[in-house]
Amino acid sequence: MISKPADGGAVPPAPRRTKKLPGWSKGLIWVAAVIAALSAASYMTGVAQLTATGTIQTALVLAIPILLAALGGLWAERAGVINIGLEGMMIMGTWGAAWAGYQWGPWAALVAAAIFGALGGLVHAIATVTFGVNHIVSGVAINLLGAGLTKYLSTLLFQPVSNNPRESPPVPKFDTYSAQPLSDWLGDLEDMQRVGLSDVAGVLRGLVTGVSPLTMLALLLVPVSYLVLWRSRFGLRLRSCGENPVAAESLGVNVYLHKYAAVIISGAFAGVGGAALVLTPGGHPGYLEGQTGGRGYIGLAAMIFGNWRPTGLLGGSALFGYADGLQLRSGGSTVMALFYAAVLVLFAAAVALVFTRKYFAAGLTLVGAAVLYLVYWSVDEMPSQLSTYLPHMVTLVVLAVAAQRLRPPAANGEEYRRGRGH
């Protein structure tokens with residue numbers, strides 16, 4: 001019953017609040033949609049490698065360095081420091097991991113990689129936070145420093161042992177573990193070749209078979225980073241430095257301290273990402289010049305794709321790792337099947353946009369789906385020269401699509417000087 005005010009007019013009912021889905025549930029919906037699209041594409045194109053256990057294992061291994069670099073970028077930029085130097089810090093991490101791992105084993109390699117990466121972060125913090133150097137200029141300098149320093153150290157320390165200044169001696173790797181008997185049971189389901197069921201089994205089996213401790217640690221750092229940055233007093237203060245450092249200082253926050261801590265942690269994460277390239281079983285025996293291959297930049301792109309959120313950058317890292325793993329394991333014909341899966345995803349996204357009355361965006365999405373389908377229909381196999389750069393092409397496309405919804409920290413990249421809040 002609607003009550004009436006003193007003037008006789010009716011009081012309008014309160015508007016109903018629509019409940020929004022939590023972020024984790026949206027992520028699960030996207031994961032389910034992607035697996036459904038891959039399953040459908042695998043069935044319709046006859047390419048079983050899209051959801052095979054080996055493909056997922058390779059994708060996971062390749063996604064871990066990107067994920068760690070993305071987490072490093074998240075910590076720095078949430079504190080207001082742009083970290084273009086992730087690539088250089090990863091390079092320093094690869095060298096530190098090889099140097100310590102050759103002498104004392106994989107766990108020592110992991111610690112040394114974090115220290116070397118943190119040193120790169122410290123240099124970046126001194127330049128940007130203390131001396132106010134442009135963040136982009138400092139990051140580029142860190143990348144050049146990392147490449148030059150490791151080349152000099154390799155010539156000095158590795159050449160007498162390996163007779164090659166560009167690589168280290170073989171480094172002991174981490175052991176791998178599988179979740180038994182779950183892995184064997186999923187393998188039986190995958191071998192049944194049932195549409196949908198076998199695809200899901202292949203994806204899950206790839207995630208629980210042949211996993212190294214470094215992979216487990218990297219995945220654990222995603223919820224840890226969320227809890228620290230969004231559910232702790234330290235994280236709240238750190239993020240306030242990236243949103244409004246002047247207001248944070250006026251409330252008693254030591255902005256310099258939090259920025260330094262964030263950038264040093266960022267460098268340590270990037271260094272551990274470099275260690276993942278050295279310590280992963282099945283990869284190169286040790287350190288190799290140019291080993292990172294631009295993964296620091298791809299990690300930065302994954303962070304931007306994830307809108308500066310841990311769960312988002314996890315999805316971005318998985319996407320780039322999957323694209324890289326697919327072309328490495330299966331070649332150009334399987335990559336074209338991935339185009340077909342992308343067509344299905346884009347078509348579903350266009351339908352969803354129509355229901356939300358975003359007709360212009362739906363039209364653009366359909367155009368993109370049509371272009372991809374035309375490429376799939378007209379090309380039997382992607383040339384190897386192009387498939388090698390598939391992760392980089394995916395990076396460009398994803399950033400172009402995601403650019404409309406990005407919300408970086410408000411004071412990201414801005415120079416800060418103590419005393420402005422008083």
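Because the model is predicted, local features are reported at pLDDT of at least 70 and side-chain atom pairs at pLDDT 80 or more, while totals for chains, interfaces and linings use all residues. Residues are numbered from 1 along each chain as its sequence is written, and side-chain values use heavy atoms, with hydrogens and water left out. Helices are DSSP runs (H or I, at least four residues), numbered from the N terminus.

**Helix α3**

- Helix α3 spans residues 86-104 and reaches 26 Å from its first C-alpha to its last over 19 residues, which is close to the expected 27 Å (1.5 Å times one less than the number of residues).
- Of the 19 residues in α3, 15 are buried, so that the helix is mostly covered (buried means under 20% relative accessible area, exposed over 50% and partly exposed in between, with a 1.4 Å probe and protein chains only).

**Packing of α3 against α5**

- Two packed helices are described by the angle between their axes and the distance between the axes.
- The axes of α3 and α5 come within 7 Å and cross at roughly 20°, where axes are lines fitted to C-alpha atoms over the stretch in contact and angles run from 0 to 180 degrees between N-to-C directions.
- The two helices, α3 and α5, are therefore roughly parallel to each other (angles under 35 degrees count as roughly parallel, over 145 as roughly antiparallel, 65 to 115 as roughly perpendicular and the rest as oblique).
- The residues of the contact between α3 and α5 divide into 15 nonpolar, five polar and one charged, with Ala, Val, Leu, Ile, Met, Phe, Trp, Tyr, Cys and Pro counted as nonpolar, Asp, Glu, Lys and Arg as charged, and the others, Gly among them, as polar.
- The residues that meet include Trp-95, Trp-99 and Tyr-102 in α3, and Leu-153, Leu-157 and Phe-158 in α5 (contact means heavy atoms within 4.5 Å).

**Backbone features in loops**

- Most residues other than glycine have a negative phi, and most peptide bonds are trans.
- A cis peptide bond, with omega about 5°, joins Gln-180 and Pro-181, and Pro-181 lies in the loop between α5 (135-162) and α6 (182-191).
- Asn-163 is placed in the loop between α5 and α6, has a positive phi near 60°, and is exposed at a relative accessible area of 68%.
- Asn-307, in the loop between α12 (295-305) and α13 (310-330), also has a positive phi of about 60°, but Asn-307 counts as buried at 17% relative accessibility.
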